[in-house]
Amino acid sequence: MFQMYKMSMAAPGTIVLTVADPALKSDLKILNYNFTSLGGHFDSSLCTTPVPFIIHPNDRHVLITDLDQIFGATIHNKSSDGRRNTLSVNEEQSPLRLCYSVCLKSPDMMLHVGRDASLSLLLRSGCLQVTPLMVTSEQAAQLMRPVDEQNNRTKWIPVRPPTPCPSPINAQCFSDDDDDDNNNHDM
Amino acid sequence: MAAGTITLTRAAPTLTTTELPVHGFLVPGGDFDPSRCLSYKEFTVNPNQKYLLFTSLVAPTVKVNGDDSLEFEQGGYRLCYKISMKKPGTALIVGEKTPLTLLLSSGCINAASFTLYRDDFRLISDQEQLIHEIKIGKKPFVSRM
């Protein structure tokens, strides 16, 4: 629990919009997170992130869904009136995967995304610029870096709360954190 | 047929057509969220017939330039689904404003996702114009939402 508050203030299944901490500088890298569906079919309301993360101002995140069997298709128009059409799906080519590129609309805010927050909740939050995109399986593999590697690249150092008025529970957590910092400056 | 519902019925004797019936699932305004993708009007999925369902999601492909940037390419691909009934003796009545996710997770249809290039999509119908009209609010679909 303590570790989770260090990574994100948001409780599981929720997102929290806070004022951006000016001490945190964005490294302007792309961060990527997988969203996995609970059922067999892709459903954005059941598609959740297994790890919490934070969207900083000026960061661009790629949210990778598990809708990954999207094949290219072509329409063959067989008559002049356009009423007889056939559809051919090319399953020999590499399938595409649906992703979303997101960034915060406001440069003064940061968004804490809790574990198990749904993709639908993020897309409907209204505080993100959302661009859907299609990537090949090779590009998806390129984007899917280990979360630890991505976290190492962020400048998130929880030396103080990201909001001026944390809740009492969070204040306690960060108070403990400060104590730890006093004891261990390598954190 | 109640809006937002699907009804599984015994199939009436029908003639299979050579046409590819096309039905739209649209998100009323805003960013594309598949869970808010609703059928534009009521339709019936008959056995032994394939249907093309198009969504209002048009997404570009990208080039991934290392870790630093995404380069969006020209054009766009529309997310579509090809569906058919699993059981030959049954039909499915899909009401107006039925979520696409409800239809896909119903368990009684075969569904495959695919993309159509934007220009290819124009071959099958004038639905692009329809979507445009929906977006600017000419159709009652948006005003009732």
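Some conventions. Residues are numbered from 1 along each chain as its sequence is written, and chains are lettered from A, with ligands numbered from 1, in the order in which they are written. Because the model is predicted, local features need pLDDT of at least 70 and side-chain atom pairs count only at pLDDT 80 or more, while totals for chains, interfaces and linings use all residues.

Confidence, then. By pLDDT I mean the predictor's confidence in each residue, from 0 to 100. Chain A averages 72, and 62% of its residues score at least 70. Two stretches of chain A stay under 50: residues 1-6 and residues 170-187. I will count two residues as in contact if their C-beta atoms, placed from the backbone, lie within 7 Å. On that count, residues 1-6 of chain A have 7 contacts beyond four places in sequence, and residues 170-187 of chain A have 14. Where pLDDT is low, the predicted coordinates should not be read in detail.

Next, chain B. Helices (H or I, at least four residues) and strands (E, at least two) are DSSP runs, numbered from the N terminus. Chain B has 4 helices and 10 strands. Along the sequence the pattern is β-β-β-β-β-β-β-β-β-α-β-α-α-α. A residue is buried if 20 or more other C-beta atoms, placed from the backbone, lie within 10 Å of its own; exposed means 12 or fewer, and partly exposed is in between. Of the 145 residues of chain B, 36% are buried. Among contacts in chain B with a separation of 6 or more, 72% are between residues 24 or more positions apart.

Which strand of chain B is mostly covered? Strand β8(B), residues 77-85, has 7 of its 9 residues buried. Two strands pair if DSSP finds at least two bridges between them. β8(B) runs antiparallel to β5(B), residues 51-59, with 6 bridges, and Ala59(B) stands opposite Tyr77(B). β8(B) also runs antiparallel to β10(B), residues 109-117, with 9 bridges; here Cys80(B) stands opposite Phe114(B).

Chain B also has an open antiparallel sheet of 3 strands, in the order β1-β9-β4. Its edge strands are β1(B), 6-10, and β4(B), 43-45, each pairing on one side only. Neighbouring strands are turned by 25° against each other on average, direction ignored. The axes behind such angles are lines fitted to C-alpha atoms, for helices over the stretch in contact, and angles run from 0 to 180 degrees between N-to-C directions. β4(B) is joined to β9(B), residues 90-94, by 3 bridges, and Val45(B) has Leu92(B) as its bridge partner.

On to chain A. An open antiparallel sheet of 3 strands has the order β1-β10-β5. The edge strands are β1(A), 15-19, and β5(A), 53-55, and the twist averages 25° from one strand to the next. β5(A) and β10(A), residues 109-113, share 3 bridges; Phe53(A) has Val113(A) as its bridge partner.
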